[in-house]
Amino acid sequence: RVVFVASPHRGTWSAFLAWGDGADEMRPDSPFLITLNAAPPVPPGVSALTVRTPLDTHIVPGEHATLDGVPDRSVCCPTHAGLLRDLEAFRVIRRFLADGVVDPDTGPDA
């Protein structure tokens, strides 16, 4: 199993305010992301989950932290960096990794 936490799979508009090769790569529709997303999101037999927050100012728009065909959970309401310390995010991640259970969405629209 694998969990992606606030990963900019489809890029982020905030990369236009950054500099360097990483910024260029994280822009929506960059050649890097097009190549990366051309393959299936995970290998066959691997269960995956994306976890994100509606208050993320790094991954804009927030839906760019999702992957097609992969369950997604929005955890309300830490910041981007706050996901690394959020108890609800840990609970969702731990339960998925340990038991393969995808908990219900805990975002503001849940």
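How many disulfides does the structure hold? The structure holds one, where a disulfide is taken as a pair of cysteine sulfur atoms within 2.5 Å. The model here is a predicted one, so local features need pLDDT of at least 70 and side-chain atom pairs count only at pLDDT 80 or more, while totals for chains, interfaces and linings use all residues. Residues are numbered from 1 along each chain as its sequence is written, and side-chain values use heavy atoms, with hydrogens and water left out.

Now for the disulfide itself. In general terms, a disulfide is a covalent bond between the sulfur atoms of two cysteines. Here the partners are Cys 76 and Cys 77, with sulfur atoms 1.6 Å apart. The link is left-handed, with -60 degrees about the S-S bond. The peptide bond from Cys 76 to Cys 77 is cis as well, with omega near 5 degrees. As for accessibility, buried means under 20% relative accessible area, exposed means over 50%, and partly exposed is in between (1.4 Å probe, protein chains only). Cys 76 is partly exposed at 33%, and Cys 77 is partly exposed at 35%. Cys 77 sits in the loop between strand 3 and helix 3; helices (H or I, at least four residues) and strands (E, at least two) are DSSP runs, numbered from the N terminus.

Next comes helix 3, residues 87-99. The expected span of a helix is 1.5 Å times one less than its number of residues. Which residues of helix 3 are buried? They are Ala 89, Val 92, Ile 93 and Phe 96. Seen down the axis of helix 3, these buried residues fall within an arc of 90 degrees, so they line one face of the helix; the arc is that of the directions from the helix axis to the C-beta atoms. On the face turned away from that buried side are the exposed residues Leu 87, Arg 94, Ala 98 and Asp 99.

Ala 6, in the loop between strand 1 and helix 1, has a phi near 50 degrees, a positive value in a residue other than glycine. Ala 6 is buried, at 6% relative accessibility. Asp 29 has a positive phi too, near 65 degrees, but Asp 29 is exposed, at 66%. Asp 29 lies in the loop between helix 1 and helix 2 (31-36). A cis peptide bond also joins Val 60 and Pro 61, with omega about -5 degrees. Pro 61 is in the loop between strand 2 (48-52) and strand 3 (72-74).

Finally, there is the largest pocket, holding about 230 Å³ of space. A pocket is an open set of points on a 1 Å grid over the protein atoms alone, where a 1.4 Å probe fits, with protein on both sides within 12 Å along at least five of seven lines; lining residues have an atom within 4 Å of a point. Grid points are joined across faces, edges and corners, and the volume is the space filled by probe spheres set on the points. Among the lining residues are Phe 4, His 9, Arg 10, Thr 66 and Asp 68. The lining divides into six nonpolar, three polar and two charged residues, where Ala, Val, Leu, Ile, Met, Phe, Trp, Tyr, Cys and Pro count as nonpolar, Asp, Glu, Lys and Arg as charged, and the others, Gly among them, as polar.
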